[in-house]
Amino acid sequence: MKLSPFLLAAAIGFTASAEGLVTDLPAIYITTNTGEEITSTDTYIPSTLSIVEADGTQTDYADTKVRGRGNTLFTLEKKPYKLKLAKKAALAGADLAKGKKWNLMADHGDKTLLRNAVASFIAKEAGQPFAPTAKFVDLTVNGKYVGTYRLTDQIDIRKKRVNITEQPEIVTALTNISGGYLLEIDDAADDLEGSVVSTQKGMKVTIKSPDEDVITQEQISYISDHLNKFETALFSSNWLDANAGYKQYIDLPSLIQWYITAELTAEPNSFRSVYFYKDKDDNKFFFGPVWDFDFAFDNSARWGSRPKALVAQEGRGPEWCYTWIDRLRQDPQFHQQVNQTWQTLLADGLIEKTISYIDATAKQIEKSQLKNFELYSIADKAHDEQHLFSTYAEGVDFLKSNLQARAKFLSEAFATLAAGGTVPVTGAEDDDPSAIDEVAAPDYHVTVADRTLRFLCNSNLEGTWTIYSTGGAKVMTGKIKPTVSLSSLPSGNYIVCWTIGNSVKSAKFTL
């Protein structure tokens with residue numbers, strides 16, 4: 001006879017809460033088979049998973065494996081988890097994906113708990129065929145309630161997820177290896193991993209599927225060659241030609257949907273981690289699904305408050321992450337199509353629909369968030385929050401007002417770019433009274449004289465810098481050092497932005 005998680009917990013000597021609803025949200029219970037804590041992001045622990053739906057219906061999933069997920073996020077007080085079921089199941093709802101792999105996201109650095117869910121909503125409204133679902137639940141681990149969590153999809157190839165042809169087994173010589181491939185531009189990719197390739201211009205791309213244990217060298221070579229074909233076309237002399245240029249390799253609607261979502265949410269890491277995919281016998285790369293919006297909507301102290309900054313111009317990440325998007329943004333038709341799509345979305349009520357979604361979801365999790373913030377103080381910085389609030393309602397109101405202000409700015413910016421104009425680099429706003437940044441950083445100063453940029457600091461020189469024209473174009477970048485020659489720059493006005501630790505500063509200068 002198989003013991004219930006409650007009886008199993010009692011049998012091995014610790015106290016578990018009686019199963020049932022904790023608030024009015026669905027409740028998830030994880031009980032490790034031996035009662036051991038989940039402490040690793042690498043090693044799965046055999047467990048039983050129980051889900052109690054809002055109507056009281058309970059389903060148990062024996063032989064479930066659980067581990068922590070994330071790097072920095074798993075070091076926080078409220079920890080995210082990854083689930084691996086023995087059999088596929090539609091945990092998020094009967095009309096959504098069936099899968100073995102699921103994520104329980106803590107959203108610990110987001111005091112609204114809503115930012116990732118809102119980003120998925122925006123992506124779907126923008127036209128993305130799939131964006132990770134957000135099923136809010138109360139989570140209990142080994143009898144201990146741990147807060148409000150978001151049950152969401154694993155990004156993988158599957159019906160109702162990334163719905164392309166999967167290559168789940170080792171291919172034979174006669175197999176068509178043209179797809180499908182799930183890929184990620186990944187600034188944290190390890191070059192020594194077998195499923196990481198680099199393009200000729202240094203873009204690091206991780207092959208997420210086929211899985212590393214089945215992918216062959218022929219498949220790696222095929223997708224690597226195809227990435228370089230796209231990149232070569234993108235930087236060729238006839239790159240704007242509709243047939244011979246880059247458009248033969250890119251699905252523009254999905255790129256624009258993804259791009260608009262990145263800019264509207266203002267997630268500063270948008271270009272550091274980008275999912276895209278290629279289906280079988282299709283030359284084109286499709287962009288999406290969107291993922292990871294913890295720092296969106298002005299929620300990153302490291303990026304600073306930048307209400308009128310384009311992420312494509314001022315976002316965080318290594319310079320090579322912007323190689324493709326910088327080139328794409330030189331295509332006048334790209335900006336025209338972005339603006340046209342944006343105006344269509346606005347006319348269809350994108351902002352009003354998103355505000356309604358925020359209100360409805362905040363109401364849905366009201367009782368749960370109250371219980372969540374009894375465990376984790378809403379007034380204390382948990383990760384990288386740019387703003388703190390005394391009440392949950394204040395945080396939700398800020399999220400809505402930020403969305404509306406962002407939409408107004410983008411309407412002006414997208415129209416300007418579509419007309420052939422430029423949007424200036426702004427830098428972070430230093431006079432925001434609600435901004436917080438608890439991370440100490442050296443106090444750098446810059447001077448410009450004799451066409452030389454000098455960084456002055458009493459500590460070790462560490463960090464990066466980028467110089468922009470006043471029109472917003474990147475003209476130089478590098479690591480901070482005592483002196484940087486500006487002899488290659490023509491006379492004019494410029495902005496230098498430099499990043500030290502978690503602090504970003506900027507200054508204007510004239511040559």
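Student: Is Asp63 buried or exposed in this predicted model?
Tutor: The cut-off for an exposed residue is over 50% relative accessible area. Asp63 has a relative accessibility of 55%, so this residue counts as exposed.

Student: What is the phi of Asp63, and in which strand does Asp63 lie?
Tutor: Most residues other than glycine have a negative phi. Asp63 is not a glycine, yet its phi is positive. The value is about 60°, and the residue lies in strand E3.

Student: Where is Lys160, and what is its relative accessible area?
Tutor: Lys160 has a positive phi of about 70° although it is not a glycine. Its place is in the loop between E7 and E8. Lys160 is partly exposed, and its relative accessible area is 48%.

Student: What is the omega of the bond that joins Ser209 and Pro210?
Tutor: Pro210 sits in the loop between strand E10 (204–209) and helix H3 (217–234). The bond from Ser209 to Pro210 is cis, with omega about 5°.

Student: What is the relative accessible area of Pro80?
Tutor: Pro80 is in the loop between strand E3 (58–68) and strand E4 (81–89). Leaving aside neighbours within four places in sequence, Pro80 contacts Gly68, Arg69, Leu73, Phe74, Leu104, Met105, Ala106 and Tyr149. Its C-alpha is 8.0 Å from that of Asp107, which is 27 residues away along the chain. Pro80 is buried, with a relative accessible area of 2%.

Student: How many residues of H8 are there, and what span is expected for this helix?
Tutor: Helix H8 covers residues 350–364, which is 15 residues. Its first and last C-alpha atoms are 21 Å apart. At 1.5 Å a residue, the expected span is 21 Å.

Student: Why do the buried residues of H8 line one face of the helix?
Tutor: An α-helix has 3.6 residues a turn, so residues three or four places apart point the same way. In H8 the buried residues are Leu350, Ile351, Thr354, Ile355, Ile358, Thr361 and Ala362. They line one face because, seen down the axis of H8, they fall within an arc of 135°.

Student: Which residues on the other side of H8 are exposed?
Tutor: The buried residues of H8 are covered by elements including helix H2 (115–126), strand E6 (135–141), helix H4 (252–265) and helix H7 (332–347). On the other side of H8, the exposed residues are Glu352 and Lys363.

Student: What is the handedness of the crossing of H2 and H8, and how many residues of the contact are charged?
Tutor: Two packed helices are described by the angle between their axes and the distance between the axes. For H2 and H8 the angle is about 145° and the axes are 10 Å apart; the crossing is right-handed. H2 contributes Ala117, Val118, Phe121, Ile122 and Glu125, and H8 contributes Leu350, Lys353, Thr354, Tyr357 and Ile358. The contact holds 7 nonpolar residues and 1 polar, and the number of charged ones is 2.

Student: How do the residues of the contact of H2 with H4 divide?
Tutor: The axes of H2 and H4 come within 9 Å and cross at roughly 145°, and the crossing is right-handed. Ala119, Ile122, Ala123 and Ala126 of H2 meet Gln257, Thr261, Leu264 and Thr265 of H4. These residues divide into 5 nonpolar, 3 polar and no charged.

Student: Which elements do the buried residues of H9 pack against?
Tutor: Ser368, Gln369, Asn372 and Phe373 are the buried residues of H9. They cover an arc of only 125° around the axis, which puts them on the same side of H9. Lys367 and Glu374 are exposed on the other side. The buried residues pack against E6, strand E7 (144–153) and H10.

Student: How far apart in space are Ser368 and Asp138, C-alpha to C-alpha?
Tutor: Ser368 is buried, with a relative accessible area of 0%. Leaving aside neighbours within four places in sequence, its contacts are Thr23, Leu25, Asp138, Tyr145 and Thr148. Ser368 and Asp138 are 230 residues apart in sequence, but their C-alpha separation is 6.9 Å.

Conventions:
Residues numbered from 1 in each chain as written. Predicted model: local features only at pLDDT ≥ 70, side-chain atom pairs only at ≥ 80, totals over all residues. Heavy atoms only, no water. Helix = DSSP H or I, 4+ residues; strand = E, 2+ residues; numbered from the N terminus. Expected span 1.5 Å × (residues − 1). Buried < 20%, exposed > 50% of the residue type's maximum accessible area, 1.4 Å probe, protein only. Arc of directions from axis to C-beta. Contact = heavy atoms within 4.5 Å. Axes fitted to C-alpha atoms, helices over the stretch in contact; angles between N-to-C directions. Left-handed = near helix turned anticlockwise from the far one by under 90°. Nonpolar A, V, L, I, M, F, W, Y, C, P; charged D, E, K, R; others polar.
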